[in-house]
Amino acid sequence: MIERIAAFGRLGLDIVSSFGRSGRFLAGVLGGVPRPATGFPLLLKQLYAVGVLSLAIIVVSGLFIGMVLGLQGYTILSDYGSEAAIGQMIALTLVRELGPVVTALLFAGRAGSALTAEIGLMKATEQLSSMEMMGVDPLRRVIAPRLWAGFIAMPVLAVIFSVVGIWGGMLVGVDWLGVFEGSFWGNMQSSVDFVDDVLNGVIKSIVFGFVCAWIAVYQGYDCVPTSAGISSATTKTVVYSSLAVLGLDFVLTAVMFGDF
Amino acid sequence: MNSPAYISLKDVVFSRSGRRIFDGVSLDIPRGKITAIMGPSGTGKTTLLRLIGGQLKPDSGSVVVDGHEVPKLKRKALYSLREKMGMLFQSGALFTDLSVFENVAFPLRVHTKLPEDMIRDIVLMKLEAVGLRGARHLMPSELSGGMTRRVALARSIALDPELIMYDEPFAGQDPIAMGVLVKLIRDLNSSMGLTSVLVSHDVPESLSICHYACIISDGKVIGEGTPDELRAHPSGQVQQFLQGQPDGPVPFHYPAEGAAQDFGLSGGAS
């Protein structure tokens, strides 16, 4: 019994110390002001790796999710004779929820895991140590551009996801199932508010982008530098990011849309 | 600043994961010489280099490099001290996304504002010194183990450091690559006036090039002196290490229960 209590205590201490380490790590990464001449090319390279290379999975997923929403929405709404509201339903679902959340989950799986594995391997092959010994801080040279790239790329990807999703919904709803195009777009325009819906969705994706990128780079930097350690860190990145995104989504939704 | 010892460790105590790695190590590393630090695997030789480079901090004791107390240095001062240090890692630690040329140019690009043509000349000179000027376009994945270490060596001398630390430079090398590395370490030390610290357990190679050597075991310095003084050292543990004897003061058997008890024999001694 005592052993169980001790193990529980140790787990608690580990969690608290991990939070502390990740906070100090974040302060170290964001603490320095990068020189634009060196920082900008590094950021561009990471934006390509994290953002542009994630485009394919985001566009394809957005298209299919939009098409599924079109099909499901039509089936449900046609029971009530209100299939004309399908545009409004697809747009609100994507812009408020599915855009930021699904993009963040895909981002964690595609870019987050790659970031963790890359940084973990750099640690295991002593590349980070050698950088330190050359008088170059890896937190600023390696980690900071990756964190900022994730932070910047996520909202852009989420917007692209929503736009492609709406287009996919239109393909199914208007072109296939024959909903009147005027009511599809007209209902959407009248019900989607820029500040309440679009901007809140973008704020969500900014928060998710920051959290996913932070988890990914921290797990890579803090991993045990062995093959098992890197594998475990990569898994943790995907699991922790997904849970954090879903948990934060509830909190943000409650704050943004809850009428208390 | 011009004391004969470039690096001075005094009563250094260091523990990790509850295990005491150094228990009061004191050591002076002379300026402009090659000092070999030897010892069995797992005695913390690489840890010693990390303490000198300020990547780790001792629990107590002092680590002084060129007059600077390393554990007490602020981040900026530590990073500027490191610009005077070069370190050759056991794995080479080349940046895998950069070519050989760019790896060697990396410290120059980060720490200097030299024009591109001058960087090119310096990089080619450093690569020439290690015999790999012709390999400048290769990627790290295309290099053999020995070549990787030579490129890493060229990179670590790119900024003309005062101190260079070699972490197991001979480990896993074929005889030719080993001969090349021995020659390079000796030549670089004499031509550039470097202070070299060589961590290794390859006794003949290390003793053939070092001016001074020390052997660390069980968290303490068990013997030090010139190679000749070490060869004549009275300690049995030093002699066992130098001659590679399988049994001696360091026993062949890991401590265990009595053999009779383990094998189920009654009344027998272990």
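Helices (H or I, at least four residues) and strands (E, at least two) are DSSP runs, numbered from the N terminus. Helix α1 of chain A covers residues 2–31 and holds Leu11(A).

The model is predicted: local features need pLDDT of at least 70, side-chain atom pairs count only at pLDDT 80 or more, and totals for chains, interfaces and linings use all residues. Residues are numbered from 1 along each chain as its sequence is written, chains are lettered from A and ligands numbered from 1 in the order in which they are written, and side-chain values use heavy atoms, without hydrogens and water.

Leu11(A) is partly exposed, at 48% relative accessible area; buried means under 20%, exposed over 50%, and partly exposed in between (1.4 Å probe, protein chains only). Together with Phe8(A), Ile15(A) and Phe19(A), Leu11(A) forms a nonpolar surface patch with about 490 Å² of accessible area.

Over all chains there are 7 aromatic pairs. The pair of Phe184(A) and Trp185(A) is edge-to-face because the ring centres are 5.1 Å apart and the planes stand at 85 degrees. Rings of Phe, Tyr and Trp (its six-membered ring) pair if their centres lie within 6.5 Å; planes under 30 degrees apart count as stacked, over 60 as edge-to-face and the rest as tilted. Phe184(A) is buried, at 0% relative accessibility, whereas Trp185(A) is partly exposed, at 33%. Ring pairs also join Trp148(A), Phe151(A), Phe210(A) and Trp214(A) into a cluster.

| Charged residue | Ring | Distance to ring centre |
|---|---|---|
| Arg82(B) | Tyr79(B) | 5.0 Å |
| Arg155(B) | Phe95(B) | 4.7 Å |

Technical notes: Patch = residues over 30% accessible without salt bridge, like charges linked within 9 Å, V, L, I, M, F, W, Y side chains within 5 Å. Areas by Shrake-Rupley, 256 points an atom, 1.4 Å probe, with all protein chains shown as cover. Salt bridge = Lys/Arg side-chain N within 4 Å of Asp/Glu carboxyl O. Lys NZ or Arg CZ within 6 Å of the ring centre and 35° of its normal.
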